[in-house]
Amino acid sequence: MRSTTLSLTFVSLLRLSAGQHKHHHAHRHKSARAAISKRDRITVTDPTRTTPTEVPEIVVYVDEYNNPIRTATETVVYVPITTETPEAAAPKTSTVYITPVSSRATPAGEPTSPPSPRPATPTTQVEPVPPAQSAVSNLLTPPAPLPTANDSSLYGVTYSPYKGSGGCKTADEVDADFAVMAQSYGVIRLYGVDCDQVAMAYAAAKNHGNKLFLGIFDINSLGQSIATIATGVQNEWSIVDTVSVGNELVNNGGTVSQSLGALSQARSALRAAGYQGPVVVVDTFVAVLTHPELCDQSDYCAVNVHPFFDPNTGPRQAGRFVTSTVERIRSRLSDPNKRVVVTETGWPWQGESNGAAIPGMSQQSIAISSIKNAYANNPSDVILFTAFNDMWKKPDAGTFMAEQFWGMGGRYSISDE
């Protein structure tokens, strides 16, 4: 099965609202929402064909900057120029109707308001690129091979193994999530060791070719967490890209000495267990600018940078916000040439506005494209937040009611559909 690149122009964009996120496992009731439906077929005019032909294809969807957004297996109907598509093979209209990945959309032009408990699922109308444009030539020309999941040319992404109901996902559900993530991302970042997530992620990463950025969330249980990690990866440390100690501890009120003490203890225990890779403290850029020693003592500088929380930054400036923040961090480090990895950055597709930082599906696409363009030459130095919507989290006015809605492209995990 080959892959096909389609450049689609949105006739009506979706406006949605959003806010911030916190990384603690807060249980909540599953949110009621409409199921996500799948389009029937995509029709493409192919002048080389004499009869309509229907085949399954891997379709690569791209944004306005030609950056891949997602891939999906679709039924594509190729038709000759002079032949109408049979009714049985494709929809009667030549327009392709695409249901948004998110089912919580508000049509453009309507005022932003808190989402209702059971919103209707709108349909976004999309017109295919005319045959004379690049989409058809892409279809007729054999595409370049897609990068594999362990390719350093891929961006990373964060992942949490919790269902919307608050429970733990099964091994099969985690594997299904990795099958989706591996199409676009290399390193998968986890935050803790609960729910048997290390063992499940290890098996899924081996199946799909990913590497793991593992995390010790509770620094008061270092020994137990490290033992769980070693057992979970079956001491096959080559699959582990990095191990982090804590997440935003100083930003959330912890002390620098607590973070650095835990870092030193964890590094020693991990080395004794056979892991020789990077061990880092992860905190916000605000904490790191104030306490650059958090980076100086880590094996590389790991920092969370979210442009959405700057009210003066719009989605088109997201990439520049991230890179300028990294430049400021470098100026504070004892070694300005030390590697700096942005371990979280993204943009919500729903929630409340934060000044110029407006959430929405189109805004998320623009912001993520801006960040990807800024890291086009070093994609392995950025980890996007997050692979799927986190419906297990609770909405919070302090984080612009967007806690649940940072999934790339508004995507829900299969286990939450």
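Biologist: How many bridges join strand E15 to strand E16, and how do the two run?

Modeller: Strands of a sheet pair through backbone hydrogen bonds, either parallel or antiparallel. Two strands count as paired if DSSP finds at least two bridges between them. Here 4 bridges join E15 (residues 301-304) to E16 (residues 340-345), and the two run parallel. Val 303 stands opposite Val 342 in E16. Helices (H or I, at least four residues) and strands (E, at least two) are DSSP runs, numbered from the N terminus.

Biologist: What should I know about the model before reading on?

Modeller: It is a predicted model: local features need pLDDT of at least 70, side-chain atom pairs count only at pLDDT 80 or more, and totals for chains, interfaces and linings use all residues. Residues are numbered from 1 along each chain as its sequence is written, and side-chain values use heavy atoms, with hydrogens and water left out.

Biologist: Which strands close into a barrel, and in what order?

Modeller: There are 8 of them, in the order E10-E11-E12-E13-E14-E15-E16-E17, with parallel pairing. Neighbouring strands of this sheet are turned by 30° against each other on average, direction ignored. Axes are lines fitted to C-alpha atoms, for helices over the stretch in contact, and angles run from 0 to 180 degrees between N-to-C directions. The protein chain has 9 helices and 17 strands.

Biologist: Where does helix H4 lie?

Modeller: H4 (residues 222-232) lies across strands E12 (211-216) and E13 (240-247). H4 runs at about 160° to E12. Ser 238 sits in the loop between H4 and E13. Ser 238 is exposed, at 51% relative accessible area. The scale is this: buried is under 20% relative accessible area, exposed is over 50%, partly exposed is in between (1.4 Å probe, protein chains only). Ser 238 and Gln 276 are 38 residues apart in sequence, yet their C-alpha atoms are 9.3 Å apart in space.

Biologist: Which residues have the most contacts inside the largest nonpolar core?

Modeller: A nonpolar core is a set of buried Ala, Val, Leu, Ile, Met, Phe, Trp, Tyr and Cys residues joined through side-chain atoms within 4.5 Å. The largest one has 73 residues, and Phe 178, Met 181, Ile 188 and Leu 214 have the most contacts inside it. A second, separate core has 8 residues, including Phe 213, Val 280, Val 282 and Val 341.

Biologist: What does Ile 188 touch?

Modeller: Contact means heavy atoms within 4.5 Å. Leaving out residues up to four places away in sequence, Ile 188 touches Val 157, Tyr 159, Phe 178, Met 181, Asn 210, Lys 211, Leu 212 and Phe 213. For the protein chain, take contacts with a separation of 6 or more: residues 24 or more positions apart account for 75% of them. Buried residues make up 52% of the 417 residues.

Biologist: How many disulfides are there?

Modeller: A disulfide is a pair of cysteine sulfur atoms within 2.5 Å. That rule gives 2. One joins Cys 168 to Cys 195, S to S 1.9 Å. With -60° about the S-S bond, this link is left-handed. The pair links distant parts of the chain, 27 residues apart: Cys 168 is in the loop between E10 (155-158) and H2 (171-181), Cys 195 in the loop between E11 (185-189) and H3 (197-208). Cys 168 is partly exposed because its relative accessibility is 39%. Cys 195, at 16%, counts as buried.

Biologist: What is the handedness of the disulfide of Cys 295 and Cys 301?

Modeller: The torsion about its S-S bond is about 45°, so the link is right-handed. The sulfur atoms of Cys 295 and Cys 301 are 2.0 Å apart. Both cysteines are buried. With the bonded cysteines numbered in sequence order, the pairing reads 1-2, 3-4.

Biologist: Which residues other than glycine have a positive phi?

Modeller: Most residues other than glycine have a negative phi, and most peptide bonds are trans. Asp 196 has phi near 55°, and Glu 248 has about 60°. Asp 196 lies in the loop between E11 and H3 and is partly exposed at 48%. Glu 248 lies in the loop between E13 and H5 (256-273) and is buried at 10%.

Biologist: Where is a cis peptide bond?

Modeller: Between Phe 385 and Thr 386, with omega about 5°. Thr 386 is in the segment after E17 (382-384).
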